[in-house]
Structures are given as structure tokens and as C-alpha cells.
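Work through the exercises below with the sequence and the structure side by side. Each task is followed by a solution that goes step by step.

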Amino acid sequence: MSKKKNNAPMTIQGNHGETIAQYSPELLDTIKSTVAKGATDDELYMFLQVAAMYNLNPFLREIWFVKMKDEQAIMTGRDGYLNIAKQNPNFVKCQSAAVFENDEFEMQYVNGDLLKLTHNYKHTDRGKVVGAWAMVKTLSGDDLSIYCDFKEYDKRTNIWRKYPTAMIRKVAENDVLKRFANISGLMTVEDAPVEYEKATDDLIDIET
């Protein structure tokens with residue numbers, strides 16, 4: 001493990017001691033002034049280690065570090081989870097849709113396996129959004145699916161009030177992608193507490 005000391009470069013090493021990323025002092029200063037504000041050298045190393053492990057680029061804002069008082073988190077968005085999932089050769093695609101109260105919707109499981117997913121609706125009055133489903137399709141056929149209830153995740157912030165459909169879809173996609181790719185050590189902004197969401201307003205496009 002090689003950490004930055006006295007304005008030195010930082011080398012990120014893999015599990016077997018191999019070099020997987022290197023950062024000059026100038027690049028480190030840029031990272032600390034943009035996507036890792038307030039990070040100590042140890043926290044910066046941890047952040048870049050996670051970024052390298054998941055092959056996420058902090059300069060493209062695919063991953064960022066948030067620090068507030070005594071709490072800190074390494075965060076990404078739905079697209080970050082999707083990028084990680086795509087690195088698995090078994091991944092085909094992620095599908096999702098918001099569910100409204102007037103839709104015809106059913107997810108039927110047998111012994112934990114999805115037996116049937118029915119979701120029909122017309123472009124008329126669909127009512128209020130009540131949730132969202134998401135599914136990861138795989139080459140092996142071992143597809144994963146999830147349903148998220150809107151009431152459980154609605155933070156009642158401006159973002160959620162303005163884009164309820166997009167936000168609950170992202171939550172469902174995050175959940176199923178995280179399970180598929182066995183992601184740990186990362187928090188998604190859509191699932192984070194409100195204070196983390198507010199702290200990342202300038203880092204992501206949360207509307208799409």
C-alpha cells in the first residue's frame with residue numbers, strides 16, 4: 001500500500017501488491033477540490049482504492065466522496081452501479097418501470113424465483129406512482145428481480161416531488177444491480193439519507 005505523503009504521488013495497489021492506479025500530486029489536488037472535498041490522505045486513499053476496485057472514474061464523476069462532520073461515505077449513482085454490472089460477462093441488460101395505482105401489475109414468485117411479471121397500462125390516467133420494479137437479465141438465465149414501494153423510499157424532497165417516477169425507478173435499479181454485482185462499500189445517492197443527497201447536488205444529474 002502506498003499513500004500520499006508530503007505532496008508525493010499516490011499509488012493504488014491490488015490484492016496481490018500490483019499497481020492498479022497512480023495519481024500525481026496535481027491530480028490528487030484536483031480530486032480533493034472536486035469529488036473528495038475534505039478528505040484526509042487516508043480517506044483519499046480508501047476512496048481511490050474503491051474507485052479502482054470497481055473501475056469507476058472519479059474524473060467522470062462516476063464515484064465521489066462525501067464528508068459531513070463525523071460521517072463520510074463513498075458514493076455513486078445508478079449509472080455507477082450499471083457500469084459495475086456491465087463488467088460481469090453474464091450481464092445482458094437492466095429493465096425497469098414505475099408502477100402506478102391504476103396499472104395492471106403482478107409479480108408472482110415460487111420459492112423465491114420469479115414465475116410471472118405482468119405489467120400492463122394505457123396512456124390515460126394511471127393515478128399516482130406507487131412503486132417500481134427492476135430486473136437484471138443474464139446470459140445464464142438466472143435473472144434477478146425486485147420491487148420497491150414508493151412510500152418506503154420517498155424522502156419528500158424537491159427532487160422526489162418533481163421526479164417521483166425517475167427516482168423510484170433508480171432505487172429499484174440500484175437494488176437489483178447491487179445484488180447482481182455483489183457491490184459493497186458504496187452508497188447510491190438515491191438511497192442515501194437526505195443530507196447526503198443535498199451534499200451531492202452539484203456532482204450528479206439526478207433528473208435522468
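Two strands are said to pair if DSSP finds at least two bridges between them. The model used here is a predicted one.

**Exercise 1. Find the residue that stands opposite Phe 91, and describe the sheet around this position.**

Step 1. Begin with strand E5, which covers residues 91-100, and with strand E8, which covers residues 129-138. E5 and E8 pair in the antiparallel sense over 9 bridges.

Step 2. Within this pairing, the residue that stands opposite Phe 91 is Thr 138 in E8.

Step 3. Now widen the view to the open sheet, in which 3 strands follow the order E5-E8-E9 with antiparallel pairing. Its edge strands are E5 and E9, the latter spanning 144-149, and each of them pairs on one side only. From one strand to the next, the twist averages 15°.

Step 4. Finally, look for the helix on this sheet: H6 lies across E5, E8 and E9, and runs at about 35° to E8.

**Exercise 2. Describe how helix H3 packs with helix H6, and decide whether the two are roughly parallel or roughly antiparallel.**

Step 1. Locate helix H3 at residues 78-86 and helix H6 at residues 164-181; their axes are 9 Å apart and the packing angle is about 30°.

Step 2. Because angles under 35 degrees count as roughly parallel, H3 is roughly parallel to H6. The crossing of the two helices is left-handed.

Step 3. List the residues that make the contact: H3 contributes Arg 78, Tyr 81, Leu 82, Ile 84 and Ala 85, while the residues from H6 include Lys 170, Glu 173, Leu 177 and Phe 180.

Step 4. Sort the contact of H3 with H6 by class, which gives 7 nonpolar, 1 polar and 4 charged residues.

**Exercise 3. Describe the hairpin of E1 and E2, and say which residue there takes a positive phi.**

Step 1. Strand E1 (residues 10-13) pairs with strand E2 (residues 19-23) in the antiparallel sense, over 4 bridges.

Conventions: Residues numbered from 1 in each chain as written. Predicted model: local features only at pLDDT ≥ 70, side-chain atom pairs only at ≥ 80, totals over all residues. Heavy atoms only, no water. Axes fitted to C-alpha atoms, helices over the stretch in contact; angles between N-to-C directions. Parallel < 35°, antiparallel > 145°, perpendicular 65-115°, else oblique. Left-handed = near helix turned anticlockwise from the far one by under 90°. Contact = heavy atoms within 4.5 Å. Nonpolar A, V, L, I, M, F, W, Y, C, P; charged D, E, K, R; others polar.
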